[in-house]
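Trainee: Could you go through this model with me before I start on my own notes?
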Amino acid sequence: MFKKLKSIFKGKKEEEKSSEEEVELIEVEEELKVQEEVKEEIVIEDNQEEEVQEVKEITKKEEISENVEEIETVEEKEETKLGFFDKLKKGLEKTRNNFTNQINDILKSYHKIDEDLFEDLEEILITSDVGIETTMMIIDNLRDRVRDDRVTEPGDVMDLLKDEIKKIMNESIEDNKINIDPSPAVVLVVGVNGVGKTTTIGKMANTFRKDGKKVLIAAGDTFRAAAIEQLEEWGNRANVDIISHKEGADPAAVIFDGIQAAKARKTDILICDTAGRLHNKSNLMNELNKIFRVVEKEYGEATKEVLLVLDATTGQNALSQAKVFKEVANITGIALTKLDGTAKGGVVIALQSGMGIPIKLIGVGEGIDDLQPFDTNDFVEAMFQRQ
Ligand SMILES: Nc1nc2c(ncn2[C@@H]2O[C@H](COP(=O)(O)OP(=O)(O)OP(=O)(O)O)[C@@H](O)[C@H]2O)c(=O)[nH]1
Ligand SMILES: [Mg+2]
């Protein structure tokens, strides 16, 4: 079915007790004195031993409590990591049910690995929004791997596929860490209407503030009053201040004021909202360029992140938006929202490997804590995990 498309796209003691005591007994009195002294020494030694014993016990207790604390910290971290992973798994439930279950069924239906099996896998990947080009590359690599490793059991293909997806996703990017170090940092949030920019800014502001950072938000979407109010609401929830102007003001002027306030308040991270109207490319380019120029001129020393927000439920549309924004701005990362609402989470693979833009954050719900830093390995594992 996809043969035609395929042809187009080929392409880490010591007891030195031995200060021997030679006591000479000359007179009884002296002898007694000496004995008395010896007795005292022994008492002192005993006392010292007791003290040493006490100190040893205290040290032991401290060591034990330190160890308990260490174990508790490790357990806490593991619990957080587990809670995090479970949340990711839950957020990817629809994708996993669609994608992994289909792959499982296909693999079970084959008794040997042949070209038909590869084609069926290809179809599942393409219909899960992995994108044709990226799918072709993954399946080609998988085919080579099956041949090179002399794999014959269809059941063994799942782990190989998982591995090839991780590889292709890590190939074209350096890392998935959001650029906020060193401070000050400025995060410019761009993206079309309704993708979840304001919600992501609110969640992000809350996460940074909880991490001990001083955060400020600039309400650069002046297109409608409701946008400013919505951001103010998120600012209240996240306990972060907002710099805003009135509806219809020049977005670049709001960002300018945001930068001055961030400098005066010694803010670590300034997050800027922008309007997402995509009338046409040149309009978008002009508006964004004006903001970028202000940031460059007024906040040249700041670490910059240009975060493109994309809605995962829009599938291939998200890919086209990424293409347009990549042309008009130096996008440094993607925040992919609404992954909880789609069965086509495969778009993550297409975006990161096909577009070469690292996914930095993922939205897995509408709540303030429903934003996660993206980790390729965790993502692929969560996507493939069986219930
Ligand atoms: N389920 C789910 N909903 C989300 C997520 N992120 C955002 N939303 C919802 O998407 C809708 C639009 O979000 P906004 O943050 O207003 O989007 P925006 O890009 O700022 O939109 P405009 O300001 O109109 O350009 C809201 O109803 C959000 O609750 C997510 O990760 N999961
Ligand atoms: Mg908004």
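Mentor: What follows is a talk through a predicted model, taking the overall make-up before the parts.

Trainee: Fine, how many helices and strands are there in the protein?
Mentor: The protein has 13 helices and eight strands, and of its 387 residues 38% count as buried.

Trainee: And the ligand, which residues come nearest to ligand 1?
Mentor: Gly196, Lys197, Thr198, Thr199 and Gly363 come nearest, out of the 20 residues around ligand 1.

Trainee: Which helix gives the largest share of that shell?
Mentor: That is helix α7, residues 197-210, which contributes three residues to the shell around ligand 1.

Trainee: What is the shell like by class?
Mentor: Around ligand 1 there are 11 polar residues and six charged ones, together with three nonpolar residues.

Trainee: Changing topic, how much of strand β7 is buried?
Mentor: Five of the five residues of β7, which spans residues 359-363, are buried, so the strand is mostly covered by the neighbour-count criterion of 20 or more other C-beta atoms within 10 Å.

Trainee: Which strands pair with β7, and in what sense?
Mentor: Strand β6, residues 333-337, runs parallel to β7 and is joined to it by three bridges, with Ile334 standing opposite Ile359 in β7. The chain passes from β6 to β7 by way of helix α12, residues 347-354, in a β-α-β crossover that is right-handed. Strand β8, residues 371-373, pairs with β7 in the antiparallel sense, again over three bridges, and there Ile362 stands opposite Gln372 in β8.

Trainee: Back to α12, then: is that helix covered or open?
Mentor: Helix α12 is mostly covered, as eight of its eight residues are buried, among them Val347, Ile349, Leu351 and Gly354.

Trainee: What do the buried residues of α12 pack against?
Mentor: They pack against helices α5, α6, α11 and α13, and also against strands β6 and β7.

Trainee: And what follows α12?
Mentor: Gly356 follows α12, with a positive phi near 70°.

Trainee: Last topic: which residues touch the most other members of the largest nonpolar core?
Mentor: In that core of 93 residues they are Val187, Leu188, Ile217, Ile271, Leu336 and Leu351. Strand β1, residues 185-190, supplies the largest share of the core, six residues.

Trainee: Which residues does Ile271 touch?
Mentor: Leaving out residues up to four places away in sequence, Ile271 touches Val187, Val189, Ile201, Met204, Ala205, Val215 and Ile217.

Key
Residues numbered from 1 in each chain as written. Chains lettered and ligands numbered in written order. Predicted model: local features only at pLDDT ≥ 70, side-chain atom pairs only at ≥ 80, totals over all residues. Near = placed C-beta within 6 Å. Helix = DSSP H or I, 4+ residues; strand = E, 2+ residues; numbered from the N terminus. Nonpolar A, V, L, I, M, F, W, Y, C, P; charged D, E, K, R; others polar. Buried ≥ 20, exposed ≤ 12 C-beta atoms within 10 Å, placed from the backbone. Pairing = 2+ DSSP bridges. Right-handed = clockwise from strand over helix to strand, strands pointing away. Contact = placed C-beta atoms within 7 Å. Core = buried A, V, L, I, M, F, W, Y, C linked by C-beta atoms within 7 Å.
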